Amino acid sequence: MLEIAGLSVSFGQYVGGFRRRDIPVLNDVDLDVDAGELLAVVGSSGSGKSLLAHAVMGLLPENAVVRGRISYGGRTLDESLLRKLRGRELALVPQGVSYLDPLLRAGKQALGRQRGLAAKKRVRSVFRRFGLAEQAEEMYPHQLSGGMARKVLVSTAALGGARFVIADEPTPGMEPESAAEALQALRELADGGCGVLLITHDIEAALKVADRVAVLYAGEVVETAAAGEFEGTGKVLRHPYSRALWQALPANGFRALPGVQPSPAETASCCSFAARCPIAAQECAAGKPPLRKLRGGAVRCWVAE
Amino acid sequence: MEKLSFSALLRFVLLKLARLGLLLAAVSAAAFALVSYSPIDPVQAYIGADVMRVGAEQRAAIAAYWGLDEPPLARFFRWASALAGGDMGTSLIYRQPVADVIGERFWGSLLLMAAAWLLSGVIGFTAGIVAAMNRGRLVDRIVRWYCCTLASTPSFWLAMLFLMVFGVWLGWFPVGLAVPAGALAAEVDWLDRLRHLALPALTLSAVGIAPVALHTREKLLDVLDSDYILFARSRGESGIRLVRRHGLKAALLPALTLQFAGFSELFGGAVLAEQVFSYPGLGRAAVEAGVRGDVPLLMGIVLFSALFVFTGNLLADIMTRLIDPRVRERGMPK
Ligand SMILES: Nc1ncnc2c1ncn2[C@@H]1O[C@H](COP(=O)(O)OP(=O)(O)O)[C@@H](O)[C@H]1O
Ligand code: SF4
Ligand SMILES: [Mg+2]
């Protein structure tokens, strides 16, 4: 349904007045989501998750340089197709309260371009479903808690009759029941035939509803795996970073990986994980590993087998 | 949740009234001090060309009649206590109560200022919106060029330019006075009034457009770069409707605040424009009062203009609270 092939995003910046330099943020990303499938994209903060969402929606800032191909239903997702799909088939659930118009009440905001009593009733029932009281419709964004704001944002996707939903960190700040409800709503959308791209840094929550997981590191997809492969000690996982993420969870030993995620610019010609990799080998110096298919998933590592 | 409590409203009103009282007291004291150091002798100014026929005795009598023989401080307190009783004194040059002179003259100025205020507000706001929606394109550059040029042009110079081009060369508009010279009041119809109003109002608004346009443009650009515009776009909103739904209110706020807070520039501009176009309003009365040492009238106008500017600022303040829910919620008092 949605196919992303070789997507790279960088930001043009002028250094020293005239020289233009491109700062890469996403590098050669391959992803695909089928109808009825929920793909979770997990990665820590700053790995480029939000930019991936905005790139698909065609809403990157003007100084962004985009390469690669995004297609939807077999057609290239260009500006003219996007203009037809945005607000209809394609929906984005953005990251937080700053995406709500501060001068517009929540109920009106959820309605969007829709008008009429029937639409208002739908808003009310969707709000109720996510545990938003009726008064919330009359509230301005600054009066909503972070969790309530995200519920309003999730409601917009559940309302619009979308065929493909991109949810960018939809649950932080919600109480556990509401968070579960919001994720469940996304799962139901997928079960109803929608394609869903769930972006999150909470791998545990994502695994409860996802079919497949793509792991993002320093602007690159380092692995795609079936959700069920995240289990036990994580030994069926393909990439050492996926394994490290998994083992850092409290239930799996709480072993945090030392070091920090580099910026994509620093690792342009080598494996982006090399500096932190516990299994780095001689052959890793051969340059940047490509994303290759492996055991039904994919991995960006020279060594994995 | 957003309801204003009555006590909060009362506190707001009392606070503003106290501020107004202080402002008027300070302004009148300062103005009086300045006037009493003025080199203009009001008696001399009053006598004017009759100077040869008026003897020293008569001068003293006139001075005593106006109370000009007392020391300044005593005069100030006499003026202030009369004012407290509602009496603004009598104008030396018009020989009428100051309140009447101001009342008469203010309507001319009000008409002029209202016309300029509306014109500059509407044109400035529209220009700002159009510029922001076309950031970096030709329209945007033209609007910015206009604003920067106007900002560095003295308004009296612009007034004279307008007078020369439209009044003298093109002959589209009359060169001066609010009504045709020598016409009877009844014969002065609205069209004539408008024609006399046009040039001063245009001059005054041409200067006022720049700040409104630039601030509106700036604000709308901020809004257009915001996360919530990105979200609105992701939901298929675009173009003018996007701006109308998410940008207008936000951009209206600085524009309105600026327009109301700009009453002082408006008044100052009107004084100049009335002078250049010999338009008989309060501004011209102020200049005459200053030049001819008419202290009661000058003080009256100073107080009145302070009140006028204060009202503008108050309106700006209230407007902010009404439009922006974030400010509204914090309640009326600052
Ligand atoms: N407009 C921009 N110009 C330059 N760099 C940007 C811009 N927007 C985001 N970035 C950079 O891109 C990286 C990825 O950002 P983002 O997608 O928001 O990360 P995530 O959502 O995974 O936390 C960050 O390092 C951020 O600094
Ligand atoms: S390529 Fe080498 S350094 Fe990179 S993740 Fe694989 S083993 Fe580690
Ligand atoms: Mg993000």
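**Ala218(A).** I looked up Ala218(A) and found it buried, at a relative accessible area of 2% (buried means under 20%, exposed over 50%, partly exposed in between, with a 1.4 Å probe and protein chains only). Ala218(A) sits in the loop between strand S9 (212-217) and strand S10 (220-226) of chain A. Helices (H or I, at least four residues) and strands (E, at least two) are DSSP runs, numbered from the N terminus. I noted a positive phi for Ala218(A), near 50 degrees, in a residue other than glycine. Most residues other than glycine have a negative phi.

**Source of the model.** I am working from a predicted model, in which local features need pLDDT of at least 70 and side-chain atom pairs count only at pLDDT 80 or more, while totals for chains, interfaces and linings use all residues. Residues are numbered from 1 along each chain as its sequence is written, chains are lettered from A and ligands numbered from 1 in the order in which they are written, and side-chain values use heavy atoms, with hydrogens and water left out.

**Glu169(A).** I also recorded a positive phi of about 45 degrees for Glu169(A), which is not a glycine. Glu169(A) lies in the loop between strand S7 (164-168) and helix H6 (176-191) of chain A. Its relative accessibility is 6%, so I count Glu169(A) as buried.

**Ligand 1.** I listed the residues around ligand 1; among them are Phe11(A), Val25(A), Lys49(A) and Pro61(A) (near means a heavy atom within 4 Å). Helix H1 (residues 49-57) of chain A gives the most to this shell, with three residues. I then checked the polar contacts (pairs of N or O atoms within 3.5 Å; within protein, one must be able to donate a hydrogen and the other to accept it, and residues adjacent in sequence count only if both atoms are side-chain atoms). Oxygen of ligand 1 comes 2.8 Å from a polar backbone atom of Gly46(A), 3.1 Å from one of Gly48(A) and 2.8 Å from one of Lys49(A).

**Magnesium ion.** For ligand 3, the magnesium ion, I found Ser50(A) (OG) and Gln95(A) (OE1) coordinating at 2.0 to 2.6 Å. Donors are N, O and S atoms within 2.8 Å of the metal (3.2 Å for Na, K and Ca); water is not among the atoms, so sites may look incomplete. Ser50(A) is in helix H1 and Gln95(A) in the loop between strand S6 (90-93) and helix H3 (106-111), 45 residues apart. I have Gln95(A) as partly exposed, with a relative accessible area of 28%.

**Whole chain.** I counted eight helices and twelve strands in chain A. Buried residues make up 53% of its 305 residues.
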